[in-house]
Amino acid sequence: TVLSILLSLASVLGLASAVYGPTALLGPLGVSALAPSDGLFWGVPLLASSLILGLGVDYNIFLLTRIIEFRQRGYSDIDAIVLGLAKTGPIITAGGMIMIVAFGSLLLSSLMVLNQFGLLLSLAVVLDTFVIRTVFVPTMMVTFRRCMLWPRSMPPIIFRINKQGKY
């Protein structure tokens, strides 16, 4: 959980620094909202970090609750991860798309602070929805599956999914 949130924060702040820093990446493309500026306004990373933290924790709780639920029903660790991701994936994606549209609309503002805030939050939602929760978290859970639910004790494995996706 902590690693996924730190990865999200570091990635978003790094990309925002690259976009709004002295060597702005997207300014030469003619996007006036992303033209070179004096850097990020000090309040934008501060406020965006708290929202990114809340988003990451919310998505982690949602995904991990489903995984634990399947593991308690008797599925193996890997099957529980796959089923949990399959059940929560569409909901997380739909929620992420709604937030991308909402936060992306801030890029249409003429105020640089709102542009920066919109970019940080939109990038965070895109990374969190499509990369971190769908790739990074399940990969880490499969890699460290022996300690993924520690200190809980789980019931013995009853069900396994075969290669055709059947129980």
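Modeller: A helix axis here is a line fitted to C-alpha atoms over the stretch in contact, and angles run from 0 to 180 degrees between N-to-C directions. The model is a predicted one. In it, the axes of α2 (residues 43-72) and α3 (residues 77-104) approach within 8 Å, crossing at roughly 150 degrees.

Colleague: Why is α2 called roughly antiparallel to α3?

Modeller: The crossing angle is roughly 150 degrees, and angles over 145 count as roughly antiparallel. Therefore α2 is roughly antiparallel to α3. The contact of α2 with α3 is made up of 13 nonpolar, four polar and four charged residues.

Colleague: What is the handedness of the crossing where α2 passes α3?

Modeller: The crossing of α2 past α3 is right-handed.

Colleague: How do you know whether F117 counts as buried or exposed?

Modeller: The relative accessibility of F117 is 17%, and buried means under 20%. F117 therefore counts as buried. Across the protein, 37% of the 167 residues count as buried.

Colleague: Which residues is F117 in contact with, leaving aside neighbours within four places in sequence?

Modeller: F117, which lies in helix α4 (residues 112-143), contacts V44, L47, A48, L51 and L106. As for L47, 70 residues separate it from F117 in sequence, while their C-alpha atoms are 8.4 Å apart.

Colleague: What pattern does the protein follow along the sequence?

Modeller: The pattern is α-α-α-α, with four helices and zero strands. Among contacts with a separation of 6 or more, 73% join residues 24 or more positions apart.

Note on methods: Residues numbered from 1 in each chain as written. Predicted model: local features only at pLDDT ≥ 70, side-chain atom pairs only at ≥ 80, totals over all residues. Heavy atoms only, no water. Helix = DSSP H or I, 4+ residues; strand = E, 2+ residues; numbered from the N terminus. Buried < 20%, exposed > 50% of the residue type's maximum accessible area, 1.4 Å probe, protein only. Contact = heavy atoms within 4.5 Å. Parallel < 35°, antiparallel > 145°, perpendicular 65-115°, else oblique. Left-handed = near helix turned anticlockwise from the far one by under 90°. Nonpolar A, V, L, I, M, F, W, Y, C, P; charged D, E, K, R; others polar.
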